[in-house]
Amino acid sequence: MIKQISVFLENKKGQLADVAAILGGKNINLHALSIADTQDFGILRLIAENPEAVAEIVKDAGYICSLTDVLAVSVPHTPGSLAHIVQILSAGGVDIEYTYAFASADADRAYMVFRVSDNMTAAALLSGEGLKTLSEKDLFAK
Amino acid sequence: MKYYQPEIECASPEQIRAWQDERLVAQVRHVYDNVPYYRNLMQEKGVTPDDIKGRDDLYKLPFLTKSDLRDAYPYGLLAVPTSECVRIHSTSGTTGKRVVAFYTQEDIDLWDDCCARAIVAAGGTKEDVCQVAYGFGLFTGGAGLNGGSHKVGCLTLPMSSGNTERQIQFMQDLHSTIICCTPSYAAYIGETVKEMGIKPEELDLKAGIFGAEPWTEEMRRDIEASLGLKAYDIYGLTETSGPGVAFECCEQKGMHINEDHFIAEIIDPETGEVLPDGEKGELVFTSITKKAFPLLRYRTRDICVLNRTPCSCGRTHVRMSKPMGRSDDMLIIRGVNVFPSQIETVLLEKGYSPNYQILVDRVKNNDTLDINVELSPEQFSDTVKEISAGEAALANDIKTVLGINPKIHLVAPKSITRSEGKAVRVIDKRKLHD
């Protein structure tokens, strides 16, 4: 399990640029980013090293921000990998709220982030199928 | 010290009535003789000073409204030569042209007495340190409470509004026990205190005297908790002097109107007919002691109820309810009467920030109601589903109260402009008037 930084964005010009500039200015490297948007607001989801510190920086800049436990899974960079995971989770009765992917240093693998209804059950289901959920240490190992 | 002027504040109803009868008769004569503008209004209605023999004849007199005050600007309602006046105050002018009110030295003394009654009713004595964080200047808030605080003998801190960190610094260093300001500024100070990591019990505040804008019971509880004090309401308007026309006692059940200076009536805002005590309607004031700017039957546009049942605090003067809205900032949206305070009540009940903004517009002959609401960290979620569900639930709660469907827009905390004076709550873009 890893911690995702979730940030509330008002639907107005320059919000994302502002957050990006704040983090850039603090020398924070973003590993993954996803935005959920509605007509009115957006939720920015970030994966970065030392999420607690990143969350503090964002909060200090006046944004509403929280840390969310999500699952990060390393999957083979091949067709059907995502379908496989979704099938495992859905067969095990775990709901997926949202998911997004990001590139890994290893060209043969990709990382998937899952926000699910039950992290423990999901991790157990995946590991039963030989799919490892990553810790922060795994993810940010140099 | 329980009362500032016990012989007046606890006078018998018969005594109060005798004062009112006598002072009204003299005041009508004074106005008739010295204010051509009002004399014309009386003549148009066929009333002469001889027709007014006491309070029961008040209904015969014509009303004054804010537009009369604008028409008569600046000297048209002045009843003494300017050489007799020592000061002016003025309204904020947010609803149009400014209104200027004049004061003789005696007017100011009596006004200060009214404010002193309010401070003593909130538990103030000469041992107290009273921080006046209402704006000073043309606005009556600062001057009124400052004068009242002097009369009580409090150590007075004439802070004016703004510079919130300095307010809190003085509060700590000089051990302020009473704070006077607008309720929205009190809420802002409370938030800042929290942000600075100061606990309410670390402050010496025991009472707050808050007025000059509408506020709700929920807001009272929030302010009381965030600053660790008991919050008292005070009522007044520049046109009748300023704060101190009416004030809350320890019972916090309505505000005692200073009836030795003002006669209050409740009228039907549509017909102008006087309503019996206990009925809801528009509050009308007649100043019976002011010399420079004595308004007779001034329509406040505040909707409230008068209560003549005895108060356990011992004061005998009639109590007015908190204004339930203003008949002129009441919005009519899709034919429905909407008071912004209704929306505020729902927001506070549901745990949202009382800092909101109502936007009314008309699109293709249909009124739209949009409400910007600040999201709080507690309500934030990383899923759209949960935030949208909260939004929908809030829209539904507001619809239940108002009878019309609002569109809620969640915005970032502190993104709605905060005033350190009066808050701009409503933006009506429909231009239905003028």
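## A cluster of rings

Let's start with three aromatic residues: Phe8(A), Phe41(A) and Phe380(B) are linked into a cluster by ring pairs. Keep in mind that everything here comes from a predicted model.

Across all chains, the count of aromatic pairs comes to eleven. Buried or exposed? Phe8(A) has a relative accessibility of 1%, so it counts as buried. Phe380(B) counts as buried too, because its relative accessibility is 9% and the cut-off for buried is under 20%.

## Two tyrosines on one helix

Now for a pair inside chain B. The ring centres of Tyr185(B) and Tyr188(B) are 6.2 Å apart and their planes are at 20 degrees, so this pair is stacked. Both tyrosines belong to helix H8 of chain B, where they are three residues apart, or about one turn of the helix. That helix covers residues 183-195.

How accessible is each partner? Tyr185(B) is buried, at 0% relative accessibility, whereas Tyr188(B) is partly exposed, at 23%. If you follow the chain on from Tyr188(B), you reach Ile427(B) 239 residues away, and the C-alpha atoms of the two are separated by 21 Å.

## Charges over rings

Over the ring of Tyr103(B) sits the charged end of Lys290(B), 4.7 Å from the ring's centre. Trp215(B) has Lys322(B) over its face, at 3.8 Å from the ring centre.

Chain B comes in two parts: domain 1 takes in 1-326 and domain 2 takes in 331-428. Their C-alpha centres lie 30 Å apart.

Which residues does Leu61(B) touch, leaving aside its neighbours within four places in sequence? Its contacts are Val28(B), Tyr38(B), Met42(B), Lys45(B), Val47(B), Ile52(B), Leu296(B) and Arg297(B).

Most residues other than glycine have a negative phi, and most peptide bonds are trans. A few places here go the other way.

Asn27(A) isn't a glycine, yet its phi is positive, near 65 degrees. You'll find Asn27(A) in the loop between helix H1 (15-25) and strand S2 (30-37) of chain A, and it counts as exposed because its relative accessibility is 72%. Asn163(B) also has a positive phi without being a glycine, at about 50 degrees.

Which two residues of chain B are joined by a cis peptide bond? They are Tyr73(B) and Pro74(B), with omega at about -5 degrees. Pro74(B) lies in the loop that runs between helix H4 (66-71) and strand S1 (85-90) of chain B.

Note on methods: Residues are numbered from 1 along each chain as its sequence is written. Chains are lettered from A and ligands numbered from 1 in the order in which they are written. This is a predicted model: local features need pLDDT of at least 70, side-chain atom pairs count only at pLDDT 80 or more; totals for chains, interfaces and linings use all residues. Side-chain values use heavy atoms; hydrogens and water are left out. Domain bounds come from an automatic or database domain assignment. Helices (H or I, at least four residues) and strands (E, at least two) are DSSP runs, numbered from the N terminus. Buried means under 20% relative accessible area, exposed over 50%, partly exposed in between (1.4 Å probe, protein chains only). Contact means heavy atoms within 4.5 Å. Rings of Phe, Tyr and Trp (its six-membered ring) pair if their centres lie within 6.5 Å; planes under 30 degrees apart count as stacked, over 60 as edge-to-face and the rest as tilted. A charge sits over a ring if NZ of Lys or CZ of Arg is within 6 Å of the ring centre and within 35 degrees of the ring normal.
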